[in-house]
Amino acid sequence: MDTHPTDTADAPASQPEDETPWLTAREQRMWRAHLEVAKLLDYQLGRELQPHNLAINDYEILVVLSEAPDRRMRMTDLATATLQSKSRLSHQITRMETAGLVLRQECPGDRRGLYAHLTEQGWETMQRVAPDHVRSVRAHFIDRFTPDQLDAMYAALAPIADHLRSLRGRS
């Protein structure tokens with residue numbers, strides 16, 4: 001639990017530095033709403049990709065590769081870009097290779113390095129699925145905000161993303 005059982009006020013009680021800085025009721029409400037939205041949105045978008053035989057992580061890889069130069073990226077960079085472990089990404093790329101969406105290619109001059117390369121079938125899949133996915137993102141997220149709310153959400157979230165990327169060494 002993130003709130004102290006007796007802290008129901010909107011402002012945190014003054015506490016000695018060695019105690020846990022429990023979330024206020026207001027902070028807890030926002031934190032839990034964020035978690036719920038993130039999980040529900042991920043679930044819904046994933047569900048709407050199922051008719052295309054794609055998982056949300058597959059789609060993310062297709063997007064990242066489609067935007068990369070020559071539609072390919074070193075596996076280590078792809079793992080970083082998609083926030084996956086190298087091992088998990090390797091298993092996922094194996095599944096996507098079997099489906100004909102990507103190929104692994106050796107890196108010239110680096111015997112240990114590998115590229116993930118978007119195949120023509122992967123590119124065609126991306127082009128076919130992207131319009132449906134964008135409609136889903138719009139319907140379930142973007143269109144739920146006014147233009148001012150979109151600007152405020154970006155202003156609130158961008159510094160958090162910057163902070164978290166810096167912790168990973170990816171600024």
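Phe141 is partly exposed, because its relative accessible area is 26% (buried means under 20%, exposed over 50%, and partly exposed in between, with a 1.4 Å probe and protein chains only). Phe145 is also partly exposed, at 23%. A search of the whole structure gives 1 aromatic pair. The ring centres of Phe141 and Phe145 are 5.1 Å apart and the planes stand at 75 degrees, so this pair is edge-to-face. For such pairs, rings of Phe, Tyr and Trp (its six-membered ring) must have centres within 6.5 Å; planes under 30 degrees apart count as stacked, over 60 as edge-to-face and the rest as tilted.

The model is predicted: local features need pLDDT of at least 70 and side-chain atom pairs pLDDT 80 or more, whereas totals for chains, interfaces and linings use all residues. Residues are numbered from 1 along each chain as its sequence is written, and side-chain values use heavy atoms, without hydrogens and water.

Helix α5 covers residues 120-140 (helices, H or I, of at least four residues and strands, E, of at least two are DSSP runs numbered from the N terminus). Its 21 residues should span 30 Å at 1.5 Å a residue, and the end C-alpha atoms are 30 Å apart, which agrees; the expected span is 1.5 Å times one less than the number of residues. At Val129, α5 bends by about 35 degrees, and Pro131 follows within four residues. The bend is the angle between axes fitted to the seven residues ending at a residue and the seven starting there. Buried residues of α5 include Gly122, Met126, Val129 and His133. Their cover includes α1 (25-49), α2 (56-67) and β3 (110-118).

Strand β2 (residues 102-107) pairs with β3 in the antiparallel sense over 6 bridges, where pairing requires at least two DSSP bridges between two strands. Cys107 has Asp110 in β3 as its bridge partner. The hairpin of β2 and β3 has 2 residues between the strands, and Gly109 takes a positive phi near 80 degrees there.

Arg74 belongs to strand β1 (residues 72-74) and is partly exposed, at 28% relative accessible area. Beyond neighbours within four places in sequence, Arg74 is in contact with Cys107, Asp110, Gly113, Leu114 and Tyr115 (heavy atoms within 4.5 Å). Arg72 lies over the face of Tyr115, 4.0 Å from the ring centre, and Arg71 lies over the face of Trp123, at 3.7 Å. The criterion is NZ of Lys or CZ of Arg within 6 Å of the ring centre and within 35 degrees of the ring normal.
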